[in-house]
Amino acid sequence: MKRYEVIVVGAGPSGLSAAIEAAKRGLKVIVFDENEKPGGQLFKQIHKFFGSKKHHAKIRGFKIGENLLEEANYAGVEVALNATVIGLYADKEVVVRRNDQVFHYKGDCIIIATGAAENMVTFPGWTLPGVIGAGAAQTMMNLHGIKPGKKVLMLGSGNVGLVVSFQLLQAGCEVVALVDAAPQIGGYGVHAAKLSRTGVPFYLSHTIAKAHGEDCVTGVTICEVDSQFKLIAGTEKYFDVDTICMAVGLSPMSQLLKMSGCLMEDNPKRGGQVPIIDEFGETSVPGIFAAGDVSGIEEASSAMIEGRMAGVCVAEYLGYCTHEEKNESLAELKKDLESLRQGMFAPANRGKKITKTEEGIEISDSLLKNGFVAEQEIERYPGVVHKSGIHPVIECTQNIPCNPCQDACPKGCISIGENITNLPVVEDENVCINCGMCVASCSGQAIFLVDEDCGDGSATVTIPYEFLPIPEVGEKGFGLGRNGERLCEATVVSVKSVKAFDHTNLLTMRVPKEYAMSARFYAS
Amino acid sequence: MAVVNKADVVIIGAGIIGCATAYYLTKRGKSVIVLEASDNIGNGGSSRNGGGVRQSGRDPRELPLAMYGIKELWPGLSEELGVDCEYHKEGNLRLGKTDKHLEILEGLTKRANACGLDVRMVNADEVKKINPHLSDEVIGASWCPTDGHANPMITTLAFYRKARMSGARFITGEPIKTLRRVKGRVKEVIAESKNVYEGEYVMVAAGYESRKILETVGVDVPMHQELMECLVTEAQQKMFPQMLGTAEADFYGHQSDHGSFVFGGSSGIEMNNKDIGPKNSPGNSAITAPCICRGIMKYFPELEDAKIVRTWAGYIDICQDGVPVLGFVDDVPGLVVACAFSGHGFGIAPAVGEQMARLITDGRTTVDISGLRYGRFKAKI
Amino acid sequence: MNTIVDRTKDIGEFIPQPDDDMLICRCEEVTKGEIRRAVHDGMWTITEIRRYLRTGMGLCQGQTCARLVKGIVARELGISMAELEPAAARSPMRPIEMKVLGNEEVTDLWQ
């Protein structure tokens, strides 16, 4: 039996982060993962992450994965792939399947970072081929290059549902509707707005009544629900689809912790059955830690910090750093974690109805119900200003911990301030040089460069554009409103793709000037 | 309160013994309360065993119970309980690979024959005829055509269901602290919750835990517990209907109606296994399941690609002399003991339940269980 | 958990529902109606439901249906999902062929 000082189960964001912190401090670490590639969910995330500069903001998920792997290699972490942990037994014994053999390993410490699995909801026809998890759709598209279907209906308006819907559009699928039984959108408004402006309709207070089809999905009927989530007869709507995606939450995969005798609790706030842990992830069994989604569903950025915390803790547990050093590292990580857990979507605010931003501005009702900020609402936000000449218009209307735009502008046109969840403000005095860095830096694709009056009755609007094919300069098409409606004719005047934009193209369209503040997408 | 918690019989332990006894008592018109320490009915060996319904290989003292059950109770049980218990009476093979093994099997066979049981030795060819999937390493076996197997989880819950339907009151999550004598008779059952239950008879059928409960009225059953393990495969094509065991005790088991194979076995260090499992669910050891797999593959090479989907562990309460303690205890009126089944209680459970119900209502059993009486333990010299 | 539960408590009659034939555990093909029926047969814990009906005992080990079964049982009993203890976690975490599980690396286990 081979002994390691630290055995990490799961090479996702939290597992790798934990391994890195432990290995950096001199511990002998191995990470087991059942997949053929490391990175967990990170390599499926082709979108740019939110957050602060320090926490990988505006970097795409798969790139964060690559960086983590590099860091792990550098720190001397051994990552064993195609290595399925089949059990965690007494005295921290781990049994692992590798190829056609099982191996016994002993860990002085164990860090469980096995993540979560997708939830399902049932409706007649839910077992038909074509009903899949949103995560499965992501795996098909982004890891294997396979389109999950042609016409898709998404159930669930949390960030997963919103992000995956957008990726489905990017993959060339048609998203016929985004449906949620809740009366308002669960995820970030900016993610919803990205979908709305392409024309995806939102059906809140709706759920799936039935999936149609004999051998596979051929259609779906949705139905409005009342406040008790009961179907309201007569409100059925039918869609022709070949795929139904479910993004209805995740459940921690905490079985290894349970089998190893860690005290567990059923905590709906953390997504299901989770280990009882202290602030830094230690379970009731000394030397066994949990980090990431397995100890409570959050997102990758916080999972990475939790992983680092566990890594620091095991280093101290095994005498590789002093108590003081540990506390110092933990204090800093704790600060980072707290900064991520701020804003309207913070875990503490889950289930609460928030009507005003931290600045005291009313939240857009239309955004929560329809997926886009209504025209009469948009002017109340500090990022939406009118100026002569080109200037940024920032349609960022909810307090989320994210601030890359402030650093992106070389001229200081954008400020967020110390508090990372503040809404961005467009400064009056500073002059925009039309470099486009802010547009490309915004993970929510909520920044536009607008010249409201070009002097000839037209205006130009620069939008972030992440679809293929990229429209050609000179092409004539349509300017779409925030709700995806065709507003006006539009001509593509420039398409910029430079390395610094990291695959976000900046498409500038010319529209009649009365549409300067309403045209937010281009369709040919 | 006192009135509500009163019944003709209070049974401690909702395993298959407690559930079966409760059912047969209600059938005889008695009121019954069954108290279970864990959250689940049948949480001990009742749900964790390999499902054997055997007579062969049994000690002559408990063989009459086994034979009675197979003749009188098992065949009609599913119908009686209204749930398919997946009972199959298609024989038991006890396999041997060496001359030494055959010697052991012959000894068991002779003893069983003496008690009137049809068991016989079969040679390699005959074994292959009964079960063509066996490897060529098998050179002989003992064969008891009236043995078989059933689904232990379902049988236990079926007794519970039917007893509950017939009016037995089951209370789970109620561990028992003490028994109390009232005017010379064991009558009160006091739970850790301080709830008090009262019965004309109190039956203790709580597996190994019985020992702690019985000592509160000065009764001690000499037993210890061992942590045994089982595993189950994914469903396979229907291969064979017999119950299997080996002379070497490498493994035992059968194929269930569902198609999965359920096999039990050991690594050899059971006596000292550590249990880190959560409450009510003992933990497995890291080395046992692989060992059972190796054992099985030696006998059934074609099962090597069958996937194991689950393993589990369960305690068996092993009596000093390997057979249970059953019945009244002289000089302790009101008390009925049914424990220390030593790892082979499932197959005789319906018979035990039925006979205990007779004992409590009629004062006597119809099957001779005198060899299983409490007072039998003596020093060796 | 070990809360005292009197299994004679009245949970009402079994009332058929239109979607009782909907599959819940797809590995073992158990329907919603069978699960609800089992609750009325006295199976009040997730563990008992599993042992009685095989829900969550198939190849996926309940990864998909555990939560769904829990919801159905809780609703039938009129309690919250969190009050129902989940089933035990059992190795192997992933199904594994007998020949692989039996093929251990040969070393001193207690070295």
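Predicted model: local features only at pLDDT ≥ 70, side-chain atom pairs only at ≥ 80, totals over all residues.
Two strands pair if DSSP finds at least two bridges between them.

In chain A, seven strands form an open sheet. Their order is 20-23-24-27-26-25-28. The pairing in this sheet is antiparallel. Strand 20 (390-394) and strand 28 (521-523) of chain A are the edge strands. Each of these two pairs on one side only. Direction ignored, neighbouring strands of the sheet are turned by 35° against each other on average.

Strand 23 of chain A covers residues 447-451, and strand 24 of chain A covers residues 458-465. Three bridges hold the pair in the antiparallel sense. At one position, Leu449(A) stands opposite Thr462(A) of strand 24.

Another part of chain A shows parallel pairing. Strand 1 of chain A, residues 2-9, is mostly covered. Of its eight residues, six are buried. Strand 1 of chain A is joined to strand 6 (residues 101-112) of chain A by seven bridges, and the two run parallel. Ile7(A) has Ile110(A) as its bridge partner in strand 6. Strand 1 of chain A also pairs with strand 2 (residues 29-32) of chain A, again in the parallel sense, over four bridges. Here the bridge partner of Val6(A) is Val29(A).

Chain C was examined next. Chain C has four helices and four strands. Along the sequence, these elements follow the pattern β-β-β-α-α-α-β-α. The radius of gyration of chain C is 18 Å, whereas a compact globule of 111 residues would have one near 13 Å. The C-alpha trace of chain C spans about 60 × 30 × 20 Å along its principal axes. Buried residues account for 50% of the 111 residues in chain C. Contacts between residues at least 6 apart in sequence were also considered for chain C, and 52% of them join residues at least 24 apart.

Chain C touches both of the other chains described here. In the contact between chains B and C, 38 residues of chain B meet 34 residues of chain C. On the chain B side, the elements giving two or more residues are helix 6 (152-165), strand 8 (169-172), helix 8 (288-299) and strand 16 (307-319). The residues on this side of chain B comprise 18 nonpolar, nine polar and eleven charged. Strand pairing also crosses between these chains. Strand 8 of chain B and strand 1 (residues 5-6) of chain C run antiparallel and are joined by two bridges. Thr172(B) stands opposite Val5(C) in strand 1 of chain C.

The contact between chains C and A takes 26 residues from chain C and 27 residues from chain A. Strand 2 (23-25), helix 3 (66-77) and helix 4 (98-101) of chain C are the elements that give two or more residues to the chain C side. The residues of that side divide into 13 nonpolar, six polar and seven charged.

Definitions and conventions. Residues numbered from 1 in each chain as written. Chains lettered and ligands numbered in written order. Contact = placed C-beta atoms within 7 Å. Nonpolar A, V, L, I, M, F, W, Y, C, P; charged D, E, K, R; others polar. Rg over C-alpha atoms; globule rule 2.2 N^0.38 Å. Buried ≥ 20, exposed ≤ 12 C-beta atoms within 10 Å, placed from the backbone. Axes fitted to C-alpha atoms, helices over the stretch in contact; angles between N-to-C directions.
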